[in-house]
Amino acid sequence: MKKGENEKIEIELLLQAILLKYGYDFRTYAKSSLKRRIMRRLSLSGIKTISEMQHRVLNDVNFFETLLLDFSINVTQMFRDPFFYKALREDIVPALRNQPAIKVWHAGCATGEEVYSMAILLKEEGLYNKSRIYATDFNEKVLKISKEGIYPIDRIKDYTRNYIQSGGRSSFADYYRARYDFVKMDSSLRKNVVFADHNLVTDSVFGEMDLIVCRNVLIYFNRELQNRVFKLFFDSLSDEGFLCLGSKETVKYSDLSDDFKAIAKGQRIYRKENHQTSKARIRDKKTQVKDEV
Amino acid sequence: MRYDTIVVGASAGGMQALRIILSTLPADFPMAVIIVLHIQSTSDGFLIDYLNSICEITVKEADEKEKIMPGIVYIAPANYHLQIEEDRTFSLSIDEHVNFSRPSIDVLFETAADVYNEKLIGVVLTGGNRDGSSGLKRIEESGGFTIIQDPETAIADSMPQSAIAQCKTARIVRIEEIGPLLIALSESYKADFICKAVK
């Protein structure tokens, strides 16, 4: 038990050191995942204790950058969860079609695979030219990979299968060029994408978006930080804008559970509740209570 | 009560083993039961519907940030690691596979041991790999109660065998006796008795 207690203190101190020295705040991340990543780096680097790691982080920028990369969430795929993209085509695209311009925010875009997936989808739906996609991440290294759009060729088989399952209307091979062991995504897909550094923990509202996509990022945050981010998304969305989460993420246990309405069966796609509609709902509730009394 | 929570890991043959154990638990069972079963990543809600249809106790998929409550059986969602946070809520992760598995039994067991310490019961069931062994060892080191399905009653015995090799104080129990043992452990006066008897 003592061991766990000290470890907990050491982790707090490590996170505090990272904040003071480099300005990145991981104190409100979910601790279990963070601890696993710290322990993994510990065993890979031959460092004996977390306290020793703290010393290393403070004195070795390269080591810090390695740890920063460990802490960012980099597991992603093109058309990950194909049925989500199918729902996007069927349930959201029709609502976006009549808008003069479409603003999409990919929060925590990591290495960009899902950004290119979105670009392909909007292109096939004839909406890409009036769209602007803001792809953000706090980690410059992964953002650079996003911008380049170069991925290992061995993943293309899975991506192609995902693309087909997601309701793709063309041939996936139209969107990239293969070279040796890599593929480069077609530059036309990047035309309306803005890649930017944004940290959900510390940065603020991001324009008036019609669609925010933030999938499998929030699972790494604690409740307090999740609440902050849901509020940030609420404030960044246009009226009746859409919020898309990962397949196991939910607003249900957050402070803003009443401010988003689930709209697609089996998918975590929400629509921002218009303020007036919400007021009307509260009124309805009150009348209902009165009626019952 | 001496114990708070039970964590269970199962792989090949696990569906049948879980059916046998969970169907013995009463609806008012005073502990939470948290399960990792290695299943296909595309699995739908079939497993949970099926278990609910044959069990008195409520079975549900563990939700991200959900508060863990006694009397409920939680199953890890396919394709995510299931972890327990200090405030006794669930958190999920899509980090790389551990022991070729996601969800991984070790991940659940290790995070549970950190939170519940000696108030935790860990159970390793049938399976054709080694997932769960180091997690069970961690539970043992934190003072928890450890149970391994008797390999002779397991459809695949390498997971229990591997756990036996690592955990010196684990009780090796036939599949049909695991449910009754958990019920006995849930009653504090019996729990003390059982612990004394086996030590």
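This is a predicted model: local features need pLDDT of at least 70, side-chain atom pairs count only at pLDDT 80 or more; totals for chains, interfaces and linings use all residues.
Axes are lines fitted to C-alpha atoms, for helices over the stretch in contact, and angles run from 0 to 180 degrees between N-to-C directions. Helices (H or I, at least four residues) and strands (E, at least two) are DSSP runs numbered from the N terminus.

The crossing of α3(A) and α4(A) is left-handed; that term applies if the near helix is turned anticlockwise from the far one by less than a right angle, and right-handed applies if clockwise. On the α3(A) side, A:Met53, A:Arg56, A:Val57 and A:Asn59 meet A:Val61, A:Phe63, A:Phe64 and A:Leu67 of α4(A), where contact means heavy atoms within 4.5 Å. This contact comprises six nonpolar, one polar and one charged residues. Ala, Val, Leu, Ile, Met, Phe, Trp, Tyr, Cys and Pro count as nonpolar, Asp, Glu, Lys and Arg as charged, and the others, Gly among them, as polar.

## Helix packing in chain B

In chain B, the axes of α1 (residues 14-22) and α6 (residues 175-186) come within 8 Å and cross at roughly 40 degrees. Helices α1(B) and α6(B) are therefore oblique to each other, and the crossing is right-handed. From α1(B), the contact takes B:Ala17, B:Ile20 and B:Ile21; from α6(B), B:Ile175, B:Glu176, B:Ile178, B:Gly179 and B:Leu182. By class, six of these residues are nonpolar, one is polar and one is charged.

## Domains of chain A

Chain A is divided into domain 1 (2-71) and domain 2 (82-276), with bounds from an automatic or database domain assignment. The C-alpha centres of domain 1 and domain 2 of chain A are 30 Å apart. Each of the two domains gives twelve residues to the contact.

About 1,100 Å² is buried between domain 1 and domain 2 of chain A, 59% of it from carbon and sulfur atoms. Buried area is the accessible area (1.4 Å probe) that two parts lose on being put together, summed over both. A:Thr28, A:Tyr29 and A:Leu69 supply 46% of the area that domain 1 of chain A buries against domain 2, more than any other three residues.

## Interface of chains A and B

Between chains A and B, 25 residues of chain A are in contact with 25 residues of chain B. The buried area is about 2,100 Å², with 44% from carbon and sulfur atoms. A:Arg36, A:Lys248 and A:Tyr253 account for 30% of what chain A buries against chain B, more than any other three residues.

## Backbone exceptions

Most residues other than glycine have a negative phi, and most peptide bonds are trans. A:Asp81, in the loop between α4 and α5 (82-97) of chain A, has a positive phi of about 55 degrees. B:Arg102 and B:Pro103 are joined by a cis peptide bond with omega about 5 degrees. B:Pro103 lies in the loop between β6 (90-93) and α3 (105-116) of chain B.

## Conventions

Residues are numbered from 1 along each chain as its sequence is written, and chains are lettered from A and ligands numbered from 1 in the order in which they are written. Local features need pLDDT of at least 70 and side-chain atom pairs count only at pLDDT 80 or more, while totals for chains, interfaces and linings use all residues; side-chain values use heavy atoms, with hydrogens and water left out.

Conventions
Angles under 35 degrees count as roughly parallel, over 145 as roughly antiparallel, 65 to 115 as roughly perpendicular and the rest as oblique.
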